[in-house]
Amino acid sequence: MKPARIIALGGWLLVGLLAVGCSSVPSLDRQKQLVQQGDYRIQQLTPRAFVETWGEPTYTHQQFTHFFGMPDGRLIPQSRMALGESPQGWETGLASGDALFLAYADRGQYLVFLDETLVYHEAMTPEKVHAVGQTWKYESQFKTRLEMSPAMK
């Protein structure tokens, strides 16, 4: 994936926290242990750890995404917020980049990765996971060749 573009409007604190978080990714075996334990650590888990632990996700999706940077290091995808709203506690951190989304209906998990590390997770009902996955499938019908990532072509 391409490196995320980070913009810190209120200073470089968020950028520094993200850089420190990204540099401390544990070994794959340790990541798999964390996934098995349900310890979904932001900036410390890779998509591979989930796929090797849980198997292939019910749905995958990849697209350029804008994020709200939170003080605790989470990046909340703009798509998880109502139009024109921002998450509670958000101050000034923004990020954007080519994000990978994995959705597991059987586990009720919605996962978002940026630069190969977990930046957001949300527990969802299986019905909600399927609804999100169906939305991705529907939207992909209307993408042009230029909008599709190399993996989707």
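Biologist: At what angle do the axes of helix 2 and helix 3 cross?

Modeller: Roughly 60°, and the axes of helix 2 (residues 28-37) and helix 3 (residues 47-54) come within 9 Å. Axes are lines fitted to C-alpha atoms over the stretch in contact, and angles run from 0 to 180 degrees between N-to-C directions. Helices are DSSP runs (H or I, at least four residues) and strands likewise (E, at least two), numbered from the N terminus. This is a predicted model: local features need pLDDT of at least 70, side-chain atom pairs need 80 or more, and totals for chains, interfaces and linings use all residues. Residues are numbered from 1 along each chain as its sequence is written, and side-chain values use heavy atoms, without hydrogens and water.

Biologist: What makes the crossing right-handed?

Modeller: A crossing is right-handed if the near helix is turned clockwise from the far one by less than a right angle, left-handed if anticlockwise. Helix 2 passes helix 3 in the right-handed sense. Contact (heavy atoms within 4.5 Å) involves Leu28, Gln31, Lys32, Val35 and Gln36 of helix 2, and Arg48, Ala49, Phe50, Glu52, Thr53 and Trp54 of helix 3.

Biologist: Which residues of helix 3 are buried?

Modeller: Pro47, Ala49, Phe50 and Trp54. Their arc is only 165°, so they sit on the same side of helix 3.

Key:
Buried means under 20% relative accessible area, exposed over 50%, partly exposed in between (1.4 Å probe, protein chains only). The arc is that of the directions from the helix axis to the C-beta atoms.
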